Each structure stands twice: as C-alpha cells, then as structure tokens.
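Let's take a walk through this fold together, one piece at a time. Have the sequence and the picture open as you read.

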Amino acid sequence: LRDLKVCLEHTNFTSTFIEKFSAQLRKRLLHLGAATPVIVTQYISSIKALNILDPSGILTEIICPLVKNYIKKRKDTTRCIVNMVVYDENLLSLKEENEEESFYSGEGQEEDLDDIDVVLKEMKWNPVPIQA
C-alpha cells in the first residue's frame, strides 16, 4: 500500500485507480453471491486501505459510497453489523494499533501549541487536490 501511495502521489493515475478499484468492487463483491459479513468486512478493510493511500479521505469519499449504497439494500445488514459489534470488537476499529498507541502515549506532541507553525506541521495539512 505504501508503494501504491507513492505511485499515486507522483503520477496522474488516481482517476484510473478509482475506476479500476470501483469496477473490481462491483465485480467481486457487490453481487447476491457475496455474503453480507464478507461485504461488511471488505468495506471496513477498504476504508482502512484507502485511508492509508489518501489520508485526506478523498478516495474514501469517492469509492466507499458505492459499497455503502449497496449494503443498505441488503436485508440482513443490520443483523450482521450488530453481530460483528457484539462478537468482534476489533473488527470495527478504523484506527491502526500504532496510531492509537502514539496517541495515548503522547508521542509527537509539542509542548508549545501557541505557535501556529508547530500546529500546522503536526496536522500535516495539505490542500484538497483539484481532482476532488
């Protein structure tokens, strides 16, 4: 995923990636033969992967409504998600373990938050790409 992230940052293939990834989701996942728990699990995994590829969330906002709209139409979605929440607490965690550990340990936090440059560096703010 890291290599793909670098590739997407340095090339103009983001729109191609979106088209191909969406087509593969439709073909392999969004059909009646796929079990709802599998779809939900892959949906969560896709969100995690897309957030690694694009921390700004633009890829997630473009690609994930495809799965979201499909899964809303399935009759057993609610039951499936409730079972997942009750029996597998780690599955719905969208944070990576490393991110949670650094957050709770206070690593990387600056003492002087009054300086706006320090705050902006911590946030790693980037403008929204033109493609959005």
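Where in H4 does a kink lie? The kink, about 40°, lies at Cys 64, shortly before the proline Pro 65. The bend at a residue here is the angle between axes fitted to the seven residues ending there and the seven starting there.

Before going on, a word on the ground rules. This is a predicted model, in which local features need pLDDT of at least 70 and side-chain atom pairs count only at pLDDT 80 or more, while totals for chains, interfaces and linings use all residues. Residues are numbered from 1 along each chain as its sequence is written, and side-chain values use heavy atoms, with hydrogens and water left out.

Now step back to the whole chain. The protein chain has seven helices and zero strands, where helices (H or I, at least four residues) and strands (E, at least two) are DSSP runs numbered from the N terminus. Reading along the sequence, you get the pattern α-α-α-α-α-α-α. Of the 132 residues in the chain, 24% are buried; buried means under 20% relative accessible area, exposed means over 50%, and partly exposed is in between (1.4 Å probe, protein chains only). Then there are the contacts, meaning heavy atoms within 4.5 Å. Among those between residues at least 6 apart in sequence, 70% join residues at least 24 apart.

H4 covers residues 58–72, has 15 residues and reaches 21 Å from its first C-alpha to its last, close to the 21 Å expected at 1.5 Å a residue. That expected span is 1.5 Å times one less than the number of residues in the helix. Its buried residues are Ile 58, Leu 59, Thr 60, Ile 63, Cys 64, Val 67, Tyr 70 and Ile 71. What covers the buried residues of H4 includes helix H1 (2–10), helix H2 (14–28), helix H3 (36–53) and helix H5 (77–87).

Leu 59 counts as buried because its relative accessible area is 4%. Leaving out residues up to four places away in sequence, Leu 59 touches Leu 8, Thr 14, Phe 17, Ile 18, Leu 50, Leu 53, Asp 54 and Cys 64. The C-alpha atoms of Leu 59 and Ser 15 sit 9.6 Å apart, though 44 residues separate the two along the chain. Glu 61, also in H4, counts as exposed because its relative accessibility is 61%. The C-alpha atoms of Glu 61 and Leu 50 are separated by 9.5 Å, with the two residues 11 apart along the chain.

One of the partners of Leu 59 is Leu 8, which lies in helix H1. Leu 8 counts as buried because its relative accessibility is 11%. Apart from residues up to four places away in sequence, Leu 8 touches Phe 13, Thr 14, Phe 17 and Leu 59. From Leu 8 to Asp 54 is 46 residues along the chain and 9.1 Å between C-alpha atoms.

Next comes H3. H3 has 18 residues and reaches 25 Å from first C-alpha to last, close to the 26 Å expected at 1.5 Å a residue. Its buried residues include Thr 36, Ile 39, Ser 46 and Leu 50, and the buried residues of H3 pack against H1, H2, H4 and H5. Ser 46 is buried because its relative accessibility is 10%, and it touches Phe 21 and Leu 25, not counting residues up to four places away in sequence.

Where H3 meets H5, the contact involves Thr 36, Pro 37, Val 40 and Thr 41 in H3 and Thr 77, Cys 80, Ile 81 and Met 84 in H5. By class, this contact has five nonpolar, three polar and no charged residues. (Ala, Val, Leu, Ile, Met, Phe, Trp, Tyr, Cys and Pro count as nonpolar, Asp, Glu, Lys and Arg as charged, and the others, Gly among them, as polar.)

Last stop: the loop between H4 and H5, where Arg 74 lies. Is Arg 74 buried or exposed? Arg 74 is buried, because its relative accessible area is 16%. Its contacts, not counting residues up to four places away in sequence, are His 31, Leu 32, Ala 34, Ala 35, Thr 36 and Ile 39.
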